[in-house]
Amino acid sequence: MSINYSEKIPNNVNLTTDRTLQRALEHWQPKFLEWWGALGPHDFAGNDVYLRTAVGVDAQGWASYGSVKMPDYRWGIFLADAIPDRTIGFGDSYGQPVWQQVPGEFRAQFRRLIVTQGDTEPASVEQQHLLGHTCPSLYDLRNLFQVNVEEGRHLWAMVYLLHAYFGRDGREEAEELLARHSGDADKPRILGTFNEPISDWLSFFMFTYFTDRDGKFQLKSLAESSFDPLARTCRFMLTEEAHHMFVGETGIGRVIRRTLEVMKELGTNDPGAIRRQGAIDLPTIQRYLNYWFTSSLDLFGSEVSSNAATTFANGIKGRPDESQFEDHVCADASFELDVPDGQGGVAKEKVPMRNAMNEIARDAYVKDCEIGVKRWNMAIKRAGQDFQLALPSRRFRRAIGAWAGVPTDQAGTPITREAFERQSVDWVPSEDDRAFVRSLMQQVKEPGKMAGWIAPPDRGINNLPVDYEYVRLN
Ligand code: BYC
Ligand code: FE
Ligand code: FE
């Protein structure tokens with residue numbers, strides 16, 4: 001179905017046929033714009049940005065590119081096309097027709113998941129509020145803004161579901177999504193990672209690589225949902241998500257490439273010397289990776305979760321790529337996982353498979369995270385440097401689940417609290433590391449120019465050259 005852009009709220013859900021819903025959303029729209037003005041990208045409201053906007057939801061050419069001022073971006077409601085005769089793909093109601101309405105008995109669970117998903121979207125925009133002022137190039141500035149407007153649209157995606165299917169409490173939740181704020185002492189965002197500051201671009205690239213990738217897997221799980229409007233919404237969101245992870249993977253890759261150049265020029269791997277030359281040494285990159293990867297691991301919830309078992313059984317939330325599995329009911333299956341044995345060691349625990357769905361999603365996530373790490377390591381190896389980046393163990397530095405607060409080394413071996421504290425400076429960014437990385441963050445605004453700590457991208461956006469003026473600053 002094509003997108004109707006002639007309306008106040010672009011959509012492909014026939015919004016005009018439901019005047020009450022349309023009015024409710026039009027009532028929320030100015031509040032969204034007010035929020036965007038206050039907590040979206042700081043400044044730049046008057047600048048032309050080369051952005052892509054969805055013009056259809058089919059695989060071919062859903063995007064159109066053009067110069068847009070961010071406040072004029074056409075945020076709207078886009079669902080992927082319905083799959084005819086779609087049936088429930090997992091859980092106790094496997095094989096029955098999917099639902100076009102939320103069954104009353106599952107209402108609270110659906111609302112909680114949609115609110116949690118919706119909460120992360122504006123949170124990330126808030127976290128990235130100030131980054132524009134220190135962009136390493138106009139190309140990167142444009143990518144930041146592209147990610148920001150799309151996360152804004154993802155908020156719209158969840159608000160639509162709340163308004164359309166949850167009545168009055170849905171509308172109240174939609175207001176709350178604009179009332180909680182990232183890092184706010186009184187009204188923080190729901191999930192941990194979304195309250196962490198992103199105050200430099202290395203963190204931004206780590207976030208888009210690791211945290212947006214949690215988004216990918218959560219959306220894949222929700223795209224399996226028996227509640228068809230949720231599944232279709234998430235399926236379209238996934239097509240936008242790919243670019244966010246591209247920004248992360250290529251961003252980190254370009255930082256590494258620049259570091260390797262400097263190492264070669266100087267003929268050293270001494271972090272001090274590399275830093276004096278204005279590049280980021282590889283051990284510091286590893287520490288940032290450790291930080292954002294482990295924080296993002298927490299976003300999958302507890303290894304053993306009765307919430308996960310219930311939402312799977314009820315057909316609310318499936319596993320990512322459910323079709324890859326043979327058993328979609330998992331009534332008697334079990335799953336073995338590592339838990340702390342309470343005496344400083346590791347024990348095996350066998351749990352019902354349904355309770356381990358968070359861990360199964362986390363497994364798929366970790367595998368996907370490995371791909372970029374392999375690519376970065378290839379570049380390091382090709383440059384002849386004896387250093388390899390690695391994902392730390394999923395037991396390391398956890399704050400949620402079985403390993404929460406259990407001190408381990410990067411390989412996941414339990415150690416004493418004292419040993420953990422002592423070695424933390426080598427494992428996660430120290431205040432010094434952060435101050436150094438911040439010191440590099442100087443805005444570069446000449447088309448085609450890059451900050452000294454990052455290499456240029458291989459190519460520009462939509463076949464344009466790298467030195468295209470992606471954001472017109474005056
Ligand atoms: N921080 O049984 P448990 C994205 C809470 S990212 C704080 O362990 P469950 C994006 C949990 O809420 C994708 N609290 O876990 C990326 C629960 O609280 P209540 C976001 C946490 O429920 C970048 C309690 O602990 N989407 O889109 O099985 C930029 C016990 O829960 C955390 C979703 O997350 C945490 N890390 O699963 C922009 C999908 N982890 O309810 C966007 C929707 C757990 O008892 N959410 N808790 O008060 C879900 O599917 C589930 O809520 C979770 C947790 C997977 C998050
Ligand atoms: Fe998103
Ligand atoms: Fe994203």
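Among contacts in the chain between residues at least 6 apart in sequence, 68% join residues at least 24 apart; two residues are in contact if their C-beta atoms, placed from the backbone, lie within 7 Å. The model is predicted: local features need pLDDT of at least 70, side-chain atom pairs count only at pLDDT 80 or more, and totals for chains, interfaces and linings use all residues. Residues are numbered from 1 along each chain as its sequence is written, while chains are lettered from A and ligands numbered from 1 in the order in which they are written.

The chain has a radius of gyration of 23 Å, which agrees with the value near 23 Å for a compact globule of 474 residues. This radius is taken over C-alpha atoms, and the globule rule is 2.2 Å times the number of residues to the power 0.38. Along the principal axes, the C-alpha atoms fill a box of roughly 65 × 60 × 40 Å. Of the 474 residues, 43% are buried. A residue is buried if 20 or more other C-beta atoms, placed from the backbone, lie within 10 Å of its own, exposed if 12 or fewer, and partly exposed in between.

The secondary structure comprises twelve helices and five strands. Helices (H or I, at least four residues) and strands (E, at least two) are DSSP runs, numbered from the N terminus. Two strands pair if DSSP finds at least two bridges between them. An open sheet of three strands, with antiparallel pairing, has the order S2-S1-S5. Its edge strands, S2 (63-69) and S5 (471-472), each pair on one side only. S1 and S2 run antiparallel and are joined by seven bridges, with Asp-48 opposite Lys-69 in S2. Strands S3 (residues 334-340) and S4 (residues 346-352) also pair in the antiparallel sense, over seven bridges. In this pair, Leu-337 stands opposite Glu-349 in S4. The hairpin of S3 and S4 has five residues between the strands, and Gly-342 takes a positive phi near 85 degrees.

In soluble globular proteins, nonpolar side chains tend to be buried together. A nonpolar core is a set of buried Ala, Val, Leu, Ile, Met, Phe, Trp, Tyr and Cys residues joined through C-beta atoms within 7 Å. The largest such core has 65 residues, and those with the most contacts inside it are Leu-202, Phe-205, Met-206, Val-255 and Trp-292. Helix H5 gives the most to this core, with nine residues. Apart from this core lies another, of 38 residues, including Leu-25 and Cys-234. Leaving out residues up to four places away in sequence, Trp-292 touches Met-206, Phe-207, Phe-210 and Thr-211.

Gly-251 is placed in helix H6 and is buried, with 23 other C-beta atoms within 10 Å. Beyond its neighbours within four places in sequence, Gly-251 is in contact with Phe-205 and Thr-208. Gly-251 and Met-206 are 45 residues apart in sequence and 8.4 Å apart in space, C-alpha to C-alpha.

Around ligand 1 there are 26 residues, of which Gly-215, Gly-301, Ser-302, Ser-305 and Asn-307 come nearest; a residue is near a molecule if its C-beta atom, placed from the backbone, lies within 6 Å of it. Helices H2 (107-127), H5 (201-223) and H9 (306-313) are the elements that give two or more residues to this shell. H2 gives the most, with seven residues.
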